[in-house]
Amino acid sequence: MQELLELQRDKSFRLKLIMVCLAVALSVASIYTVVSYRLAADLVQSTELESLQGQAMLIHGELLIDENATQEEHLKKLVKLVYFDSHLTDSELYIKISGPNLNWSMDHNISLNIKDQLLSELPILNTSPTNMETPNGQTQIDGRLFLWQIVKDNNYQVVIIKTSANIENTLEFVMKRLIITSIIVFWLATWFAITLSSWMNKRVQDKNDSLAHLATHDALTGLPNRLFLSNLLQPIIIDYSDPKHKKYEEFYKKSPKQGCLFVIDLDKFKEVNDTFGHAAGDALLIKVAKKLNEILDDTQTIVRFGGDKFIIWAPNLNIEQAKNLIQQLIIACNEPVMINKLAISTGASIGFAHYPSQATEPDALILCADTAMDEAKQNRSGWSMFSERNIQSGRQRLKLRADLDNAFSNQQIKLHYQPKVSLKDGHIIGVEALARWHHPTDGLLYPIHFIELIEQSGRVQEFGRYVIATAIQQLDVWHKQGLYTPIAVNLSPYNLLDPCLLDFTLSLLKQHNIEENKLEIELIESETSINIDAISKSLNDFKEAGIKLAIDDFGTGMSSLSYISNLNVNHIKIDRTFIDGIDQDDRKQAVVLAVIILAKSFKSNVIAEGIENKFQADKLIEMGCHYGQGYYFAKPMTADKIQTILKANTALPI
C-alpha cells in the first residue's frame, strides 16, 4: 500500500515526461499528431480507470473478508489510507458503500448538485446484480471530467466518483507542443514515448495486480479468499452445452471434466478463542492453513472462506481419491499445534461434493459440500459426502434455526423432569430438568435436534438463562405446595462464559425465596473438559454460593481423572453406556467400581444413569452405588405429572 501511495505522488512527473515526448512527435505531422493525441488520452484514461477499479475492489474485498469492515471508523481509516494524502488535497471525491445494515458515504470537495447529477447518470445503481459487476467510465460536467467506478454483488455495492485533472492537463500540455519538431525528432520522440509508456504501464499494472491480490486473498493466512474462489470456479464449472458458451469451446477442452470441493470447519476453534484469546486463535488458523496447504498438490487450491472455515477445490479428483485426501486432511487437523507453549488440537468436520455428478454450478457445489460438513459436525463423524439425505437434513436444520425466535418468545421450549431416586427404597431425591421443544408442526423435539442450532446461532447464553429461570419458577410453584425437591439443570460450557450468569441466578433465587441448594448444575464431561481451566473459576463461584454441582455423563471424556480432580462437585453421574449390561459385563463392573471408589475419595455422591431393569439396580446397590435414574424408575415427564408423583411421595418404580 505504501508503494502505491509513492507511485501516485510520482504520477505528475511521469505524465509530464509522456507529454514532452508526444508534443515533439505531434509537431512533425498533423495526421500522426491526431493519432498520438488519441493514444495519450486513451492511455491515461485507461490507466486511471484501472487504478480506480483496483481501489474499489480493495474496499469491496475488505468488506467481504473482515467482519469489522462495516464499522464506520474502520471505513474512514480504509478510505483515508487509499485516497487522502498531500496529492489529493484539492481533488473532488465521493464514495458510497451500501449493503446489509450498512449505508455509508463520504463527500470531499464535491458539490451536492454535481453529485446528484452524476448519480442520476449511473442507471446500473438501480438494478440488482446476478453476479459480481464492476462497471466504470467517465462523465464531463461543467468542463470537468469525472471518473466513476462501481463494484457490486449480492452483498455490497461500492460507488466511487472522482475528478481527473490529469487527463485535462495532459491533453492541454500535448496540444501546446505538437507543432514544433521535425520528422527525425518525431520518430525519436515516438520511440522514446512508447518505451517510457510501456515501462510506466508495467509499473501501474504491477500495482493493480497488487491491489487485486489484496482483494482476492486473506490478510491473515495469505490464502485466497471467497472472491478468488468465485473467480476460479466460474469459468471452470459452467454449462458449455449452452449455445451462449460456444465461444468457450476451446477452453472447455482444457477444463477438468470432474472434481471435488471440500468444506472444512474447525470443531473447537471458538473454545480456543474464548480460552486463550483471539491472538492465539489467529496463530492457530495460520498454522492449520499451512498444514492443509502442504498436503495439496499444485493443481489443488485451498481458500479461507471466513472465520474458521476453509474450502479446497481439487480438479480431476474422483470420489475415491477424494476419500483418500480427506483422511490426510483429518489427520492434519487432529495433529496438536503449539500455541503459547501449549499443544492445542481442535479437530475438524469436513464435507465434500463431487462435480458434476452432484452439482454443476459453483454456488450449488459449495452449498452441497457445506451441507455435508454440517452433517459430519452434527454426527461427530469427522467427514461426510453429500447425498440427497443431506438436502433434507439441511432444510430441516435451516427451518428449525429460523423457528428459534418463536421458540423463545412463545416459550415453546419446556422442561420435562426425570426423577433421581435412592436405589434402596425408590424414593425421589431430586429431578433432572431436560429441555424439550414443543414445535407447533414438528411435534416434540429432543435436545439433539436443537441444542447445536442454539450454540451456532449465538444464543446459547440466552438459552442457559432461559432454562435456569424456568427451573427456578418451577421450584417456586412446588415450594408453595410444600414440595422441596431439588431441580438439576444441564448447562453448556458456553453458558459459564457468561460473566453475569451467577448474579442472574442468585437474583432469581432471592426473588422467589428459594434456597441455593435446591438448584443443581450438571455439566457434560466430554464438552467441559476442553475448557476446564476457563470454567473452573466460574464453577467454584457457583459452589461457594451454595448451588450444587454435578458432572454428567462421566467416563465419556478423554481426561476423566484430571477433570474430577480440578472440579469440586457434589455428584458424579456415571454415563449410561457403562450401566447397560453391567449385570453381565465384568469390565463395565470394574469401571463403575473404580468410579465409585474415586468419587468417595473426593467426597462426591455417585448417580448411575440409564438404569432400565431391576437387575442393574440390584447390581449397583451391591457395588456401593446408592442413587440412580433411568427408564426403570420413570421416563422424563411434564411438570404436572411429576408433581403428582411428588405429592403422593410414591416410591419408584410404580
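## Terms and model

A residue is called buried at under 20% relative accessible area and exposed at over 50%, with partly exposed in between (1.4 Å probe, protein chains only). The model is predicted: local features need pLDDT of at least 70, side-chain atom pairs count only at pLDDT 80 or more, and totals for chains, interfaces and linings use all residues. Residues are numbered from 1 along each chain as its sequence is written, and side-chain values use heavy atoms, with hydrogens and water left out.

## Overall make-up

The chain contains 26 helices and 21 strands; helices (H or I, at least four residues) and strands (E, at least two) are DSSP runs, numbered from the N terminus. Of its 654 residues, 50% are buried. Among contacts (heavy atoms within 4.5 Å) with a separation of 6 or more, 66% join residues 24 or more positions apart.

Helix α25 spans residues 614–623, and its buried residues are Gln616, Ala617, Lys619, Leu620 and Met623. They line one face of the helix, because seen down the axis they fall within an arc of 165°, taken from the directions from the helix axis to the C-beta atoms. Phe615 and Glu622 are exposed on the face turned away from that buried side. The buried residues of α25 pack against α23 (576–579), α24 (586–601) and β20 (605–608).

Helix α11 (residues 278–295) has 18 residues and reaches 26 Å from its first C-alpha to its last, close to the expected 26 Å; the expected span is 1.5 Å times one less than the number of residues. Its buried residues include Leu284, Leu285, Val288 and Lys291.

## Aromatic rings and charges

Eight aromatic pairs are found in the whole structure; rings of Phe, Tyr and Trp (its six-membered ring) pair if their centres lie within 6.5 Å. Phe262, Phe352 and Trp383 form one aromatic cluster.

A charge sits over a ring if NZ of Lys or CZ of Arg is within 6 Å of the ring centre and within 35 degrees of the ring normal. Arg226 lies over the face of Phe305, 4.2 Å from the ring centre, and the charged end of Lys635 sits over the ring of Tyr631, at 5.2 Å from its centre.

## Backbone features

The peptide bond from Tyr355 to Pro356 is cis, with omega near 5°, and Pro356 is in the loop between β11 (348–355) and α13 (362–379). The bond from Leu652 to Pro653 is also cis, with omega near 0°; Pro653 lies in the segment after α26 (639–648).

Asn649, in the segment after α26, has a positive phi of about 50° although it is not a glycine. Asn649 counts as exposed, at 56% relative accessibility.

Definitions and conventions: Rings of Phe, Tyr and Trp (its six-membered ring) pair if their centres lie within 6.5 Å; planes under 30 degrees apart count as stacked, over 60 as edge-to-face and the rest as tilted.
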